[in-house]
Amino acid sequence: MLANGDLHVLSARQGDENHLYHCRVLVQPNGQTMTSSTARRIILSQETMTKMAPVIVESVNRIRVWRGQDAVLPCVFHGYPPPKIKWCKSQTIQCGNLLLPLVASAATQEHRGGVLGHGRHRLVGGTLLIASVVAEDQGRYIFSVNNSMGLVESRTELVFRDKLQVRIVERRRRRRRRIGCPAIQVVDAETSVTITCHFSGSPRPVVSWLKDGQRYLVGNSGRVSSSSGDDGYTDMVQLSISSVQREDEGIYQCLASNDEGDWAQASAQLAIGAFPPHLKETFSRQVVHPGSSVSLKCLASGTPLPHFTWTLDGFPLSPVSERYFLGQQQQTGHDDLVVAHLNITHVRVEDGGNYKAFVAFVRTVCSGESSGSRRAFSQFAYLLQFNGSLTIDPLDKSSDAGLYSCEVRGQNGLSARQSLQLNILGRFFAAS
């Protein structure tokens with residue numbers, strides 16, 4: 001009995017025809033057995049002693065085998081005198097003269113109960129067995145049967161199948177991900193990002209991109225492009241997006257599939273960490289009389305929330321004054337809109353001039369210092385992009401205690417800095 005359940009009877013002889021042959025299957029996990037309701041019988045013909053050219057009565061054109069499985073290439077034949085048989089593997093795409101002999105038998109040769117061969121190749125009757133299939137076993141196999149009456153051949157193609165594997169490698173900073181969720185790649189608007197997808201498997205798959213579950217048309221704009229290659233170990237495709245915009249946010253999937261019906265996918269989430277400030281509303285020229293009031297208003301968008309500074313004829317206005325008021329606040333219902341205003345009561349002649357409102361990012365830069373030296377954070381520390389909070393989880397008493405400094409810098413060159421001492425007390429910690 002072969003691994004696929006076929007029963008091969010070698011060198012049929014008198015007495016074999018007196019039996020009915022059933023197939024019995026053990027059913028897991030209950031341990032019950034099932035026996036086929038039909039049976040087969042072997043019939044011996046007296047004409048077997050008559051000379052006849054070889055005839056192949058059963059073979060297959062194509063088989064598919066997974067890596068590590070045993071391959072069974074069946075071939076059942078008749079002929080007299082008993083034919084010689086031989087299996088070869090073609091070394092060319094077209095079956096030509098470049099053949100690699102695998103295993104062969106001489107007429108009437110019987111060893112080990114009819115099993116011949118060596119290494120991973122075995123011959124049972126006319127059937128070729130290949131143990132623990134590897135990629136190099138893929139190809140076209142030729143089975144030849146010949147005796148003094150003639151020669152006949154059959155061909156079987158072995159298709160090697162390997163499980164498709166896909167993974168996305170993030171090369172930009174990313175946030176921690178929850179189990180079962182894609183990693184989040186955080187990039188700033190108007191910068192570039194590349195999503196790299198590594199894949200492997202056989203037959204070689206075709207790789208495509210999806211965004212938010214829909215087919216992603218790469219090349220539909222000048223900002224998006226795709227390339228392929230390898231890193232010396234696995235094949236890869238890369239999706240590149242230049243000048244990232246708000247509409248580029250979403251879930252990107254790398255989908256690999258082949259003509260055998262296998263598929264695999266990996267995903268990554270792209271999030272926008274910062275958008276450059278953009279003025280959406282500004283004030284216009286105003287002519288007022290002394291003693292009256294005036295209000296100048298600006299509306300800007302950006303992530304993180306932008307910060308306004310004001311100047312009069314090129315000189316900075318102090319945010320604290322008895323005669324005018326500078327203020328800004330987030331617009332209700334909008335996460336990235338800020339309203340800034342300059343209010344002046346009882347205008348004087350000297351208040352005339354050229355007022356300008358500047359809007360800029362406020363970026364947060366944090367560093368940890370221990371024993372007077374700056375150090376990099378451990379893999380358990382990560383910075384929240386939107387509020388500047390530093391989270392360390394879990395704490396390491398031997399390495400995480402120390403002086404921490406947070407520095408905020410604006411595009412106008414101004415900066416602010418404050419420090420705290422982190423002391424870890426057993427299961428609790430205190431900051432002072």
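Reader: What is the relative accessible area of Arg223, and how does that class it?
Author: Arg223 has a relative accessible area of 23%, so it is partly exposed, a class lying between buried (under 20%) and exposed (over 50%), with a 1.4 Å probe and protein chains only. This is a predicted model, in which local features need pLDDT of at least 70 and side-chain atom pairs count only at pLDDT 80 or more, while totals for chains, interfaces and linings use all residues. Residues are numbered from 1 along each chain as its sequence is written, and side-chain values use heavy atoms, leaving out hydrogens and water.

Reader: OK, and which residue does the Arg223 side chain meet in a salt bridge?
Author: Its partner is Asp248, at 2.8 Å from N to O; a salt bridge here is a side-chain nitrogen of Lys or Arg within 4 Å of a carboxyl oxygen of Asp or Glu. Asp248 lies in the loop between strand 22 (235–241) and strand 23, and Arg223 in the loop between strand 20 and strand 21, so the pair ties together parts 25 residues apart in sequence. Strands are DSSP runs of E with at least two residues, numbered from the N terminus.

Reader: Is Asp248 buried or exposed?
Author: Asp248 counts as buried, because its relative accessibility is 3%.

Reader: How many salt bridges turn up in the whole structure?
Author: The search finds 13. One of them joins the side chains of Arg62 and Glu157, at 3.6 Å from N to O. Since Arg62 belongs to strand 6 (residues 62–66) and Glu157 to strand 15 (residues 150–169), that pair ties together parts 95 residues apart in sequence.

Reader: Switching to rings, how many aromatic pairs are there?
Author: There are 4 across the whole structure, where rings of Phe, Tyr and Trp (its six-membered ring) pair if their centres lie within 6.5 Å, and planes under 30 degrees apart count as stacked, over 60 as edge-to-face and the rest as tilted. Phe77 and Phe143 have ring centres 6.2 Å apart and planes at 50°, so that pair is tilted. Phe77 sits in strand 8 (residues 75–80) and Phe143 in strand 14 (residues 139–147), so parts 66 residues apart in sequence are tied together.

Reader: What about Tyr216 and Tyr252, how are their planes set?
Author: Their planes stand at 90° with the ring centres 5.6 Å apart, so the pair is edge-to-face, and both Tyr216 and Tyr252 are buried.

Reader: Which residues do ring pairs link into a cluster?
Author: The cluster consists of Phe77, Trp87 and Phe143.

How values were computed: Helices (H or I, at least four residues) and strands (E, at least two) are DSSP runs, numbered from the N terminus.
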